[in-house]
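Please read it with the sequence and the model in view.

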Amino acid sequence: MSPRLLKRISEEIAYPVTILFNQLTSEGAVPHDWKIANVTPIFKKGSRRQPENYRPVSLTSQLSKVMESVVRDVITGHLDRHHLIKDSQHGFRHGRSCTTNLLQFLDKVTEAINEKESVDVIFLDFAKAFHKVPHKRLLTKVEANGLGGKVLRWIEAWLTGRKQRVCLDGCSSAWVYVLSGVPQGSVLT
């Protein structure tokens, strides 16, 4: 279903979708259709001939994305309530971004320079680091941060048995299982 259609019929399907989400959470289950993705390369910048200039976006079920939003809210609520994320963390947090991170950094550097202190900066590029995290390690980290029970079982079901294929110009690759990372474009990335 398209996002536009879901929005139009949202009032009519809210109750059955709520029942579905509650049942999936209780059972720690994820429908098969929610675990398959057509990956579409989206051009970013530079030469169109270079594969690294494309961002792979996983096209997945819209209802899955709604459920992912619910799970994300549970996870971030837990992390915030238990102060498990440092205040300096900007990525993946409401009201924060790369821009707010850069502004805070610039403010600290400016303050240090005004105080005649030296400033050393080391830049590390963790590009695509999260796409390579093995599922077992990711689940271990989730559990180590106090998320267990139904939420952990649902996340494990969401990660396990994922398949994807690349689709381009009407052609598709063979399906392959995804053994690490989370789908690019997912609400949980």
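What share of the contacts in the chain with a separation of 6 or more comes from residues 24 or more positions apart? Such residues account for 55% of these contacts, where contact means heavy atoms within 4.5 Å.

The model is a predicted one, in which local features need pLDDT of at least 70 and side-chain atom pairs count only at pLDDT 80 or more, whereas totals for chains, interfaces and linings use all residues. Residues are numbered from 1 along each chain as its sequence is written, and side-chain values use heavy atoms, with hydrogens and water left out.

**Overall layout**

The chain holds 6 helices and 5 strands, taken as DSSP runs (H or I of at least four residues for helices, E of at least two for strands) and numbered from the N terminus. Their order from the N terminus is α-α-β-β-α-α-α-α-β-β-β, and the C-alpha atoms fill a box of roughly 60 × 45 × 35 Å along the principal axes. Of the 189 residues, 23% count as buried, that is, under 20% relative accessible area with a 1.4 Å probe and protein chains only. The chain carries 27 positive and 18 negative charges, whose mean positions are 7 Å apart; Lys and Arg count as positive and Asp and Glu as negative, without His and the chain ends, and each charge is placed at NZ of Lys, CZ of Arg, CG of Asp or CD of Glu.

**Aromatic pairs**

Rings of Phe, Tyr and Trp (its six-membered ring) pair if their centres lie within 6.5 Å, and planes under 30 degrees apart count as stacked, over 60 as edge-to-face and the rest as tilted.

| Pair | Centre to centre | Angle between planes | Class |
|---|---|---|---|
| Phe-21 and Trp-34 | 6.2 Å | 85 degrees | edge-to-face |
| Trp-154 and Trp-158 | 6.2 Å | 15 degrees | stacked |

Because Phe-21 lies in helix α2 (residues 10-27) and Trp-34 in the loop between α2 and β1 (36-43), their pair ties together parts that are 13 residues apart in sequence; both Phe-21 and Trp-34 are buried. Trp-154 and Trp-158, by contrast, are 4 residues apart in helix α6 (residues 149-159) and therefore separated by about one helical turn. Trp-154 counts as buried at 1% relative accessibility, and Trp-158 counts as buried at 2%.

**Charges over rings**

A charge sits over a ring if NZ of Lys or CZ of Arg is within 6 Å of the ring centre and within 35 degrees of the ring normal. The charged end of Arg-162 sits over the ring of Trp-158, 4.7 Å from its centre, while that of Arg-48 sits over the ring of Phe-43, 3.9 Å from its centre.

How values were computed: Buried means under 20% relative accessible area, exposed over 50%, partly exposed in between (1.4 Å probe, protein chains only).
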